[in-house]
Amino acid sequence: RAVAEVRDRLRRLVERAQAGGGMRADLPWTDVPFLLAGVATGPRTIGLRAEDGQWNRNLRIVLDGLSTPRPAGTNAPTET
């Protein structure tokens with residue numbers, strides 16, 4: 001039951017972000033949990049050691065990729 005509630009809340013969050021123009025509309029909400037799971041880091045990958053803050057950099061990259069494009073020099077979402 002808890003997992004179903006998390007899924008429902010995540011779906012609603014993504015739908016609101018997309019409706020408000022803050023998140024790319026071309027992504028289904030079901031992609032988001034997989035992207036966020038990919039942010040998690042173990043202590044090593046392909047022989048490289050994760051640095052402090054690695055998960056934070058990974059999360060920033062994923063969140064930037066989910067955002068709608070913004071005009072250069074602004075923080076406002078572009079209008080569609």
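## Basis

The model is predicted: local features need pLDDT of at least 70, side-chain atom pairs count only at pLDDT 80 or more, and totals for chains, interfaces and linings use all residues. Residues are numbered from 1 along each chain as its sequence is written, and side-chain values use heavy atoms, with hydrogens and water left out.

## Helix α1

Helices here are DSSP runs of H or I with at least four residues, strands are runs of E with at least two, and both are numbered from the N terminus. Helix α1 has 18 residues and reaches 26 Å from its first C-alpha to its last. That is close to the 26 Å expected at 1.5 Å a residue, where the expected span is 1.5 Å times one less than the number of residues.

The buried residues of α1 are L10, V14 and Q18; buried means under 20% relative accessible area, exposed over 50%, and partly exposed in between (1.4 Å probe, protein chains only). Seen down the axis of α1, these buried residues fall within an arc of 65°, so they line one face of the helix. The arc is that of the directions from the helix axis to the C-beta atoms. The buried residues of α1 pack against α2 (31-37), while A2, R9, R16 and A19 are exposed on the other side of α1. Just after α1, G21 takes a positive phi of about 85°.

## Salt bridges

A salt bridge is a side-chain nitrogen of Lys or Arg within 4 Å of a carboxyl oxygen of Asp or Glu. By this rule there are 6 salt bridges. One of them joins E15 and R11, at 2.9 Å from N to O. These two residues are 4 residues apart in helix α1 (residues 2-19), and are therefore separated by about one helical turn. E15 is partly exposed at 38% relative accessibility, and R11 is partly exposed at 25%. A network of salt bridges links D8, R11, R12 and E15.

R24 and D26 also form a salt bridge, at 2.8 Å from N to O. R24 is partly exposed at 30%, whereas D26 is exposed at 54%. In the salt bridge of R57 with E51, the closest N and O atoms are 3.6 Å apart. R57 is partly exposed at 35%, and E51 is exposed at 53%.

## Residue N58

N58 lies in helix α3 (residues 54-66) and is buried, with 19% relative accessibility. Leaving aside residues up to four places away in sequence, N58 touches V39 and T41, contact meaning heavy atoms within 4.5 Å.
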